[in-house]
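Please look over the following chain with its side chains in view. The briefing below then goes through it topic by topic.

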Amino acid sequence: MKNDMLDAIDKKILKILEEDARTPVKDIAKQVFLTAPAVSARIGHLVDENYITGFHANVNAELLGYHIKAFIHLEVKPEDKQKFYPYIKECPNVIQCDCVTGEYSMVLQVRFKNTFDLDQFIGELQVFGRTKTLIVFSTSVDHRSIGFQEDE
């Protein structure tokens, strides 16, 4: 199923769920002029086709004590990626890890309670290659939707 196979109703459902994944199916049904069972079936299809990959709560990490947010650039040699990927998937403080182009091959977004724990983690990472760490002071845009239009 490609994007051009999504109709306007599917796109509207995606937009509604992106704004609030807890929107009741009956409320979505009213907005898209379908029955609740029809909307449930469409949501199920969107999940099956991987347009929806999960339903998540946005948790306030700072209120939980994770005051340090950082991006770590890591240079991993191609031959070390086979060891690196399983390792990084098991690191609970890693929020996201992307393989990228440029001087460094990986960019990690992490959360820690303090700089001591961050420093310890960076020391562990350096087994895989050199690092460059950027500590975040503030965030002006955080996890917003992709912003697609229903008429695209």
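Where is Phe-128 found? Phe-128 sits in the loop between helix H5 (115-125) and strand E4 (131-135), where helices (H or I, at least four residues) and strands (E, at least two) are DSSP runs numbered from the N terminus. This is a predicted model, in which local features need pLDDT of at least 70 and side-chain atom pairs count only at pLDDT 80 or more, while totals for chains, interfaces and linings use all residues. Residues are numbered from 1 along each chain as its sequence is written, and side-chain values use heavy atoms, with hydrogens and water left out.

**Phe-128 and its surroundings**

- Phe-128 counts as buried because its relative accessibility is 12%; buried means under 20% relative accessible area, exposed means over 50%, and partly exposed lies in between (1.4 Å probe, protein chains only).
- Although Phe-128 and Glu-75 are 53 residues apart along the chain, their C-alpha atoms are separated by 7.3 Å.
- Leaving aside neighbours within four places in sequence, Phe-128 is in contact with Leu-74, Glu-75, Val-76, Lys-77, Asp-80, Lys-83, Phe-84 and Tyr-87, contact meaning heavy atoms within 4.5 Å.

**Salt bridges**

- The count comes to 5 salt bridges, each defined as a side-chain nitrogen of Lys or Arg within 4 Å of a carboxyl oxygen of Asp or Glu.
- One of them joins the side chains of Arg-42 and Asp-7 (2.9 Å, N to O); Arg-42 lies in helix H3 (residues 36-48) and Asp-7 in the segment before H1, so this pair ties together parts that are 35 residues apart in sequence.
- Arg-42 counts as partly exposed at 22% relative accessibility, and Asp-7 is likewise partly exposed, with a relative accessible area of 31%.
- Another salt bridge brings together the side chains of Asp-10 and Arg-42 (2.9 Å, N to O), a pair that links distant parts of the chain, with Asp-10 in helix H1 and Arg-42 in helix H3, 32 residues apart.
- Asp-10 counts as buried, because its relative accessibility is 7%.
- The side chains of Arg-130 and Glu-75 also meet in a salt bridge (3.0 Å, N to O); Arg-130 lies in the loop between H5 and E4 and Glu-75 in the loop between E1 and helix H4 (81-89), so the pair ties together parts that are 55 residues apart in sequence.
- Arg-130 is partly exposed at 36% relative accessibility, and Glu-75 is partly exposed at 31%.
- Salt bridges that share partners join Asp-7, Asp-10 and Arg-42 into one network.

**Lys-69, a buried charge**

- Lys-69, found in strand E1 (residues 68-74), is buried yet has no salt bridge, and the nearest side chain of opposite charge, that of Asp-142, is 4.0 Å away; Lys and Arg count as positive and Asp and Glu as negative, whereas His and the chain ends are not counted.
- The side chains of Lys-69 and Thr-139 are joined by a polar contact of 3.3 Å, meaning a pair of N or O atoms within 3.5 Å, of which, within protein, one must be able to donate a hydrogen and the other to accept it, and residues adjacent in sequence count only if both atoms are side-chain atoms.
- Not counting residues up to four places away in sequence, Lys-69 touches Gln-109, Val-110, Arg-111, Leu-134, Ile-135, Val-136, Thr-139 and Asp-142.

**Loop residues**

- Thr-23, in the loop between H1 and helix H2 (25-32), is buried, with a relative accessible area of 16%.
- The side chain of Thr-23 reaches the backbone oxygen of Asp-20 at 2.7 Å, and Thr-23 touches Ile-16 and Ile-28 when residues up to four places away in sequence are not counted.
- Phe-33 lies in the loop between H2 and H3 and has a positive phi of about 60 degrees although it is not a glycine; at 75% relative accessibility, Phe-33 counts as exposed.
- Asn-50, placed in the loop between H3 and E1, has a phi near 70 degrees, a positive value in a residue other than glycine, and is exposed, with a relative accessible area of 57%.
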